[in-house]
Every structure is written in structure tokens, then in C-alpha cells.
Amino acid sequence: MTDTDRLLTKYSKIANSLIGRIESGEFPPGSKLPSLRKICLFEECNLSTAVEAFGILQERGFISGKERSGYFVLPRPELYPKYKLEKPVRVPNPSVPEEVSSLMSELADPGFIPFGAAVPDPQFLPYSSLQKAYKKSLKDSQVYKYSDAAGILELRKKIAIRSSGKERRVRPEEVFITLGCSEAAFLALSLSTKPGDKVAVESPLHFVLYQILSELKLKAIEIPTDPFTGLDLQSYISVIKKESPKFLITIPTFSNPTGSLMPLGSKKELLKISSKYGVKILEDDIYGDLQHNGGIRPSSLLSLDTEGIVTQVSSLSKSVNPGLRIGWMISDPMKVENARRLRLAEAISLPAIPQLASSYFIGSLAHERHLREFRRRLGGLVLSYADSFLEYFPKGTKVAIPQGGFLLWIELPKGKDSRVLRFQAAKKKISLVPGNLFSLSGKYVNNFRINAGVLMGPKVISAIQTLGKIAKEI
């Protein structure tokens with residue numbers, strides 16, 4: 001046996017030992033592994049051997065490194081406690097709880113720890129690059145004119161390029177610029193439905209989308225999801241056969257609130273099912289650029305759609321800057337033309353400066369650098385949050401650790417009510433979103449959503465400890 005063979009055997013043995021400890025539950029998802037130095041002492045090996053062993057774990061998807069903090073165990077759905085999938089629920093007259101109004105007031109209060117807001121920490125935002133883009137836009141002659149009602153053409157071209165895939169090439173005439181993602185979703189549904197139409201929705205789902213359903217007087221059928229793999233396709237087929245919905249609303253890539261990622265094969269199967277039964281899809285892809293692993297961006301439903309059944313809505317609010325208010329709808333040119341007519345009747349056009357600045361920024365080297373750094377930092381931050389909640393919350397608390405985005409869907413032990421937690425937390429100036437707001441039928445009372453995109457510091461750690469104490473007492 002050569003020296004190389006002995007070294008290979010040593011670091012492979014260490015890697016296999018750590019994998020066994022992870023699979024046994026000794027190191028649960030989100031937990032921190034012993035440092036490289038401790039591994040060296042325990043295994044009686046040199047640093048390079050320990051580094052190689054950790055490299056094997058990273059390649060196999062067991063751990064992720066966080067700069068200056070160590071290595072953390074990644075979620076492995078097959079080992080994590082299985083969540084029970086609920087049955088589909090029909091909600092004939094959807095309405096939004098009054099809690100939403102008071103919650104929004106809390107989110108606007110700068111004195112609150114903003115765990116309830118689904119926006120990244122301001123320190124993640126590319127201020128310097130955006131300022132340069134704004135300066136360029138002020139020198140552009142288009143800033144002194146009305147822009148196209150559908151949005152400035154160059155911006156629509158940039159969005160079309162970034163939204164295209166091998167199976168589906170998006171054209172600029174299919175892109176309509178909006179004031180954020182919510183307006184895009186409202187516009188897409190209002191142009192395609194009438195009051196009383198049935199709409200299938202994944203559950204849990206972002207409460208703003210429920211507000212849109214209520215405003216448009218649409219009938220909702222909630223379809224259960226898995227917090228790791230998203231929409232349950234068998235339940236979807238069952239709902240289609242029984243209810244004949246006109247639309248499906250889904251967030252298949254890093255959903256809000258669970259952070260689930262539908263596998264590529266399931267996305268393709270979803271498109272086949274929807275095409276077969278004539279169901280259109282509204283895809284919210286607002287978190288799609290925020291994968292943690294640094295690899296290829298997960299395919300959107302739109303990029304896989306060859307039948308023209310997907311309307312996609314998204315924005316720059318989560319990945320670049322919520323203050324830009326730049327969102328978009330991607331749909332067939334006829335729907336875009338109908339949206340253009342509405343815009344001409346209501347406002348003529350959107351402000352030019354944010355559109356031009358976004359156009360200069362999207363696709364630039366600064367944009368790509370920002371996304372790479374943002375993704376890298378988010379992965380470690382989300383794991384740190386998960387680790388903290390598992391440490392300070394009651395035994396039996398579950399945390400669905402996502403592969404992208406910055407939201408955590410947390411399940412309290414049976415008998416705990418997140419509405420009580422939220423009320424008590426508000427007294428301590430801590431915001432969070434109780435799970436019942438993500439269901440029109442009042443489910444998920446022992447779940448809540450946390451914004452894990454807030455940089456950690458003493459105040460944040462203290463807030464998590466406070467929440468944990470409250471959760472143990474309620």
C-alpha cells in the first residue's frame with residue numbers, strides 16, 4: 001500500500017464515520033460539526049486529511065461551510081421527521097384574517113425585530129452598484145419621456161433573457177413591468193378569471209396571494225404541500241378531477257413560507273398534468289435566484305413550459321432591493337397587450353428612473369457578483385438561524401431548512417399555538433407571522449414563519465432566546 005492509499009483510506013474513514021453520526025441523528029440538520037482542529041485531535045490526523053474528509057461530505061451534500069463559522073449539517077429530507085400532508089380543502093369564499101392589518105403595522109415599526117418581514121437585511125443590498133446605475137439612468141434621454149405602458153424595452157429584454165430556458169425562449173413582448181410581484185399576480189389573475197372561478201392553490205401559501213383571491217372573489221381549493229418537495233401531485237390530480245379549477249397558484253422554487261423546492265422531475269410532471277387537464281398555472285418565482293449551494297439556478301416552470309400554460313410573476317424585491325418596486329408578469333402577448341391597455345387608462349406608464357436603473361444593473365458583472373455573494377452568505381445564515389431555533393425552542397420543535405431563499409417554516413410541538421406566540425412576541429417588540437395566515441381554512445396554528453435574512457448579532461440572538469422562552473411557557 002502506497003502513502004497515497006493510506007491517506008485516502010484515512011480521510012475516507014473519517015468521512016464515513018461523520019456520515020454515520022449524521023445519519024444516526026447525533027448531528028441533526030442545522031447543527032454545527034466539530035471544528036477541523038478537533039477532528040484532527042480526535043482522529044489523530046493532520047489538517048489536510050481532515051479538510052479532505054470534510055470535502056467528501058460537502059460533495060455528497062451532507063454539509064455546507066460557512067466562512068469563519070465552521071461546517072453545518074444540511075437537511076436530508078429522507079432522514080428528517082416526515083410532515084403529515086393535509087387533505088385538499090375547498091374554501092368557497094376566501095377572506096383574509098384581520099390579523100394581517102395589525103401585522104403589517106408591526107412590520108413598518110422600526111422598533112421591532114423584523115422576523116416577520118420577508119425582506120433581506122439592508123446590509124445585503126448592492127447600494128454602491130445601484131447608485132452607479134441610477135447615475136447612468138439620469139443621463140439617459142428616456143428619463144424625460146413617458147415610457148412604454150408595458151415597461152422600458154431594454155429592461156424587458158434583460159428580463160426575457162434571464163427568464164428563458166432550453167425548452168422555452170421568452171420574448172420581450174411577453175414581459176410586462178409592474179410595481180412589484182403582488183401587482184403582477186393581481187394583474188395576471190384579474191385578466192384571466194372572473195368572480196366565482198375556482199383556483200387551486202398550494203397550501204401553505206403567502207397571505208398576499210390570498211388577499212388577491214379575496215379581492216377578485218375567486219373560490220380557492222387548498223392543495224397540501226411537503227415542506228421539502230412542494231406541491232403534492234396526487235392531491236392536485238384529485239382536485240382537478242373533482243373541482244375542475246381554472247388556475248393553479250404555486251411557488252415551486254423556494255416557496256413562501258416553507259422554502260420548499262419542487263424537484264425537476266416533479267416540475268415537468270406538474271406541467272404534463274396541467275396541460276392534460278387544461279389548467280393554467282400562475283408561477284411566483286420571486287425567490288428563484290437565491291439558491292444556497294452556488295450551483296445552477298433551479299429551472300422555473302416557465303423555462304420548462306412548451307405549451308404556453310404558465311404565467312410567471314416575479315420581482316427584484318428579494319434578490320436586489322425592495323425599494324425599486326420593479327416586478328414583472330411574463331405571459332402571452334395578448335395578455336400583455338390587455339395589461340398595456342389597462343395601464344394606459346390608469347397611469348399611462350411607470351416611472352422611468354427605477355426601470356432604467358434596473359436595466360443598467362440586471363445582467364451586469366456587479367449584479368452577478370452581488371447574487372453570488374448574497375447566495376453564499378444566505379446559506380450559512382439560514383443554517384445558523386435553524387440551529388438557534390432548535391437550541392432555544394421546546395423539544396419537538398421542527399425546522400424545515402430550505403435550499404434557497406431566507407425564510408424558515410417552523411413547527412411547534414403539538415398543543416402550542418403560534419397566534420399566542422405572535423401576540424406575546426409583539427409585546428417584546430419582536431415580529432413573526434403565525435401559520436394560520438398562510439391558510440384560508442385556518443390551518444397551521446402550530447407553525448410560524450421567520451425571516452432568516454436578518455444579520456445575526458446580540459439583539460437577534462436575544463430575540464430568539466426570548467421567543468424560545470415564550471414558546472416553552474405558552
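This is a predicted model: local features need pLDDT of at least 70, side-chain atom pairs count only at pLDDT 80 or more; totals for chains, interfaces and linings use all residues.

Author: Two elements, α5 (127-138) and α14 (365-392), each give two or more residues to the patch.

Reader: Which element gives the most to the positive patch, and where does Arg372 lie?

Author: Helix α5 gives the most, with three residues. Arg372 lies in helix α14.

Reader: How many salt bridges does the structure hold?

Author: The structure holds 17 salt bridges. One of them joins the side chains of Glu183 and Arg343.

Reader: Why is the pair of Glu183 and Arg343 called a salt bridge?

Author: The N to O distance between these side chains is 3.9 Å. A salt bridge requires the nitrogen to be within 4 Å of the oxygen, so the pair of Glu183 and Arg343 qualifies. The pair links distant parts of the chain: Glu183 belongs to helix α7 (residues 180-190) and Arg343 to helix α12 (residues 333-346), 160 residues apart.

Reader: Are the two partners, Glu183 and Arg343, buried or partly exposed?

Author: Arg343 has a relative accessible area of 6%. Buried means under 20%, so Arg343 is buried. Glu183 has 28% relative accessibility. Exposed means over 50% and partly exposed lies in between, so Glu183 counts as partly exposed.

Reader: How do you know that Asp289 and Arg297 form a salt bridge?

Author: The closest N and O atoms of Asp289 and Arg297 are 2.8 Å apart. That value is within 4 Å, so the pair is a salt bridge. Asp289 is buried because its relative accessible area, 17%, is under 20%. Arg297, at 27%, counts as partly exposed.

Reader: Which residues do salt bridges that share partners join into one network?

Author: The network consists of Asp148, Arg156, Glu337 and Arg340. Within it, the side chains of Asp148 and Arg156 meet in a salt bridge at 3.7 Å, N to O.

Reader: Why is Arg156 called buried, and why is Asp148 called partly exposed?

Author: Arg156 has 5% relative accessibility, which is under 20%, and therefore counts as buried. Asp148 has 35%, which falls between 20% and 50%, and therefore counts as partly exposed.

How values were computed:
Residues are numbered from 1 along each chain as its sequence is written. Side-chain values use heavy atoms; hydrogens and water are left out. Helices (H or I, at least four residues) and strands (E, at least two) are DSSP runs, numbered from the N terminus. Buried means under 20% relative accessible area, exposed over 50%, partly exposed in between (1.4 Å probe, protein chains only).
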